[in-house]
Amino acid sequence: DGKSYKKVRIGLGLDGAVPMGVLKTAYNYGGGATFRVAVALNDKMAVTATTGAIAFVPEKITGIDTKAQINIPIKAGYKYMLTSKVYALGEAGTTMVKAYTADSSGKLVSGSSSAFTYSAGIGAHALRLDTSLRYEGYSNGGFLGLRLGFNF
């Protein structure tokens, strides 16, 4: 068809997160970084893989000394170009969760778990910049995320 498109996009992004659902009961906000690879199938469609780390900052909860929680998502997905610059993205995978609290003696302790993860969002890229807004959900909550990225 004569159109040109970038076959592989590799990007690093800074993420901001607003907790929702059960996650909001313990955490005020979050932030981190993500790494995404998108491999184009044609000029409209691509498969994606995303990982990174998002840390959540706790609310003050009476009687509980909650510390940060770190989420490490591993997701695969599908990206569809709505226009030459705007896209929709859906991903699914797992998130490894590490939560930190203080025990009764004040010593820092941690617990680990994992959760099924899904996300849906919309974004735009121009030149090497990539901006997207997404909802990332788990079985008991999730967050609204804003990603500002740079593609190589």
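These notebook entries record what I looked up about cavities and pockets in a predicted model.

**Entry 1: ground rules.** I number residues from 1 along each chain as its sequence is written, and side-chain values use heavy atoms, with hydrogens and water left out. Because the model is predicted, local features need pLDDT of at least 70 and side-chain atom pairs count only at pLDDT 80 or more, whereas totals for chains, interfaces and linings use all residues.

**Entry 2: terms.** I work on a 1 Å grid over the protein atoms alone, where a cavity is a set of points that a 1.4 Å probe fits but cannot leave. A pocket is an open set with protein on both sides within 12 Å along at least five of seven lines, and lining residues have an atom within 4 Å of a point. Grid points are joined across faces, edges and corners, and a volume is the space filled by probe spheres set on the points. Helices (H or I, at least four residues) and strands (E, at least two) are DSSP runs, numbered from the N terminus. Ala, Val, Leu, Ile, Met, Phe, Trp, Tyr, Cys and Pro count as nonpolar, Asp, Glu, Lys and Arg as charged, and the others, Gly among them, as polar.

**Entry 3: cavities.** I searched the whole structure and found two cavities of 30 Å³ or more. The largest has a volume of about 80 Å³, and its lining includes Arg9, Lys79, Asp130 and Arg147. I note five charged residues in this lining, beside three nonpolar and two polar. At least two lining residues come from each of β1 (8-21), β2 (27-40), β5 (86-102) and β8 (141-151).

The second largest cavity has a volume of about 50 Å³. Among its lining residues I find Ser119, Ala120, Gly121 and Ile122. β6 gives the largest share of this lining, four residues. By class, I count five nonpolar, three polar and two charged residues here.

Entry 4: I then turned to the largest pocket, with a volume of about 440 Å³. It is lined by 24 residues, of which Tyr5, Arg9, Asp43, Met81 and His125 are the closest to its centre. β2 gives the most to the lining, with three residues. The lining divides into nine nonpolar, six polar and nine charged residues.

The second largest pocket holds about 210 Å³ of space. Of its 13 lining residues, Leu23, Gln69, Val97, Tyr138 and Asn140 are the closest to the centre.
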